[in-house]
Amino acid sequence: MEHVDHILIVDDEPEIRERAGNYLRKNGLRTTVVADGRQIRSFLDTTARHLLDEDHTLVALSGAQYRLLRVFLYHPQHVLNRDQLLNLTQGRDADLFDRSIDLLVSRLRQRLLDDAREPACIKTVRSEGYVFSLAMEILEADQ
């Protein structure tokens with residue numbers, strides 16, 4: 001049986017939770033969405049054994065990767081330059097030779113299984129920045 005990563009998405013914004021979960025599910029990943037720490041604890045108490053890799057390490061996006069994905073989900077189809085991405089993810093402007101956002105985009109692409117040579121999700125716009133190119137649909141969260 002093929003191993004499918006299971007990603008736990010935690011966000012207090014229902015729209016972001018659902019967008020991220022739907023996108024990842026459409027791309028073959030199992031996801032669970034929760035709103036807060038109480039729901040995280042409940043989820044982990046019942047299913048954590050399924051979220052461990054071979055080394056018994058919990059597998060998810062890093063905090064920086066999560067923040068970057070969240071920015072892209074909030075701004076689909078909009079080109080964001082390096083300064084904007086650094087400001088929105090880390091609260092700072094880029095130095096002249098700062099390439100940290102490029103590395104972060106590369107790592108996020110890897111986690112999303114997005115081919116860097118022909119990306120479907122996060123595309124590079126030469127001399128401008130990056131764009132989350134997938135169409136997003138807003139779903140209302142169940143009450």
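1. Contact here means heavy atoms within 4.5 Å. By that criterion, Ile16, Arg19 and Ala20 in helix H1 meet Arg70, Leu73 and Tyr74 in helix H3. Sorted by class, the contact of H1 with H3 has four nonpolar, no polar and two charged residues (nonpolar: Ala, Val, Leu, Ile, Met, Phe, Trp, Tyr, Cys and Pro; charged: Asp, Glu, Lys and Arg; polar: the others, Gly among them).

2. This is a predicted model: local features need pLDDT of at least 70, side-chain atom pairs count only at pLDDT 80 or more, and totals for chains, interfaces and linings use all residues. Residues are numbered from 1 along each chain as its sequence is written, and side-chain values use heavy atoms, with hydrogens and water left out.

3. Helices (H or I, at least four residues) and strands (E, at least two) are DSSP runs, numbered from the N terminus. Asp11 sits in the loop between strand E1 (6-10) and H1. Asp11 counts as buried because its relative accessibility is 3%; buried means under 20% relative accessible area, exposed over 50%, partly exposed in between (1.4 Å probe, protein chains only).

4. Not counting residues up to four places away in sequence, Asp11 touches Ile16, Arg17, Val34, Ala35, Tyr66 and Arg70. A polar atom of the Asp11 side chain also lies 2.7 Å from the backbone nitrogen of Glu13.

5. In helix H4 (residues 82-90), the buried residues are Leu85, Leu86 and Thr89. They are on the same side of H4, because they cover an arc of only 95° around the axis (the arc is that of the directions from the helix axis to the C-beta atoms). These buried residues pack against H3, strand E3 (79-80), helix H5 (100-111) and strand E5 (129-132).

Conventions
Polar contact = N/O pair within 3.5 Å; in protein donor to acceptor, adjacent residues only side chain to side chain.
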